[in-house]
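This report is for a reader who is new to the structure. Please have the sequence and the 3D view at hand while reading.

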Amino acid sequence: RKEKTTMSDNLIESNKVVLIGKIVSDFEYSHTVFGEDFYGVLIEVPRLSENVDQLPIIISERLLTDQNFAQGDKVYIKGQLRSYNKKIEDKSKLILNIFAKDIEPYDENSDEKSNPNYIYLDGYICKPTVYRETPFGREICDILLAVNRMYNKSDYIPCITWGRNARYAKNIEVGNHLKIWGRIQSRKYEKKFLDGQVIEKIAYEVSISKLAKVDDEENDYLGVEEE
């Protein structure tokens with residue numbers, strides 16, 4: 001017998017993150033919601049290259065009650081990539097965090113957890129895509145995806161893609177329905193101020209490995225794999 005899928009089930013399934021990484025910071029208090037404390041921590045996730053991504057995790061005290069994690073521990077995390085706007089000097093800045101729904105010690109013998117950095121998003125284009133080429137001729141396209149969340153909220157997720165996917169994505173219009181598969185990456189950049197001061201900052205985005213445009217009426221998929 002086929003089980004009925006509810007709207008809340010669809011919203012939970014539209015934003016899925018799986019990470020395997022090493023804790024590289026202490027747990028620091030973040031905020032309290034309805035009497036429940038949340039903490040922030042950084043985990044380091046390896047890439048296929050020698051580089052690593054340091055990703056911010058927000059986690060409830062309830063998930064930490066029976067577990068004693070410390071720096072250096074390798075963990076397996078399931079959750080969602082969420083955004084919120086933070087006011088900084090009268091400007092609104094989009095902040096991204098991985099909201100952990102589950103955390104456990106990583107089992108090195110588990111075949112099911114072989115992909116260390118996976119994200120799946122189902123959402124809608126909410127601003128025009130930005131296509132460009134690097135000085136070396138590499139094609140890039142930036143996408144801002146709005147992913148619905150429960151309680152009439154949405155997360156706004158910056159995504160980036162290259163090559164054939166970039167050429168495909170540059171023609172996608174605002175309001176189009178997309179499904180995206182990829183990984184979460186951190187990117188360092190320098191911000192220069194009028195007084196000459198330079199500060200290194202970190203941005204987070206989804207690096208797309210596969211995307212599909214969805215026809216809501218026919219549930220038809222269009223898309224290409226990344227080169």
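## The largest pocket

Strand E6, residues 91-105, gives the largest share of the lining of the largest pocket, with seven residues. The model is a predicted one. In total, 50 residues line this pocket. Those nearest the centre of the pocket are Arg-82, Ser-83, Tyr-84, Ile-95 and Asn-97.

The space in the largest pocket comes to about 1700 Å³. By residue type, its lining is made up of 30 nonpolar, 13 charged and seven polar residues.

## The chain as a whole

The protein chain contains 13 strands and two helices. It has 227 residues, and 39% of them count as buried.

Taking the contacts in the protein chain between residues at least 6 apart, 59% join residues that are at least 24 apart.

Ser-14 sits in the loop that runs between helix H1 (7-13) and strand E1 (15-23). Is Ser-14 buried or exposed? Its relative accessible area is 6%, so Ser-14 is buried, the cut-off being under 20%.

Which residues is Ser-14 in contact with, leaving aside its neighbours within four places in sequence? They are Tyr-120, Leu-121 and Asp-122, together with Val-147 and Asn-148. Gly-123 is 109 residues away from Ser-14 in sequence, yet the C-alpha atoms of Ser-14 and Gly-123 are 7.3 Å apart in space.

## Cysteines and disulfides

A disulfide is a covalent bond between the sulfur atoms of two cysteines. How many disulfides does the structure hold? The number is zero.

A disulfide would need the two sulfur atoms to be within 2.5 Å.

For Cys-159 the value is 2%, so Cys-159 is buried.

How values were computed:
Residues are numbered from 1 along each chain as its sequence is written. This is a predicted model: local features need pLDDT of at least 70, side-chain atom pairs count only at pLDDT 80 or more; totals for chains, interfaces and linings use all residues. Side-chain values use heavy atoms; hydrogens and water are left out. Buried means under 20% relative accessible area, exposed over 50%, partly exposed in between (1.4 Å probe, protein chains only). On a 1 Å grid over the protein atoms alone, a cavity is a set of points where a 1.4 Å probe fits but cannot get out, and a pocket is an open set with protein on both sides within 12 Å along at least five of seven lines; lining residues have an atom within 4 Å of a point. Grid points are joined across faces, edges and corners, and a volume is the space filled by probe spheres set on the points. Helices (H or I, at least four residues) and strands (E, at least two) are DSSP runs, numbered from the N terminus. Ala, Val, Leu, Ile, Met, Phe, Trp, Tyr, Cys and Pro count as nonpolar, Asp, Glu, Lys and Arg as charged, and the others, Gly among them, as polar. Contact means heavy atoms within 4.5 Å.
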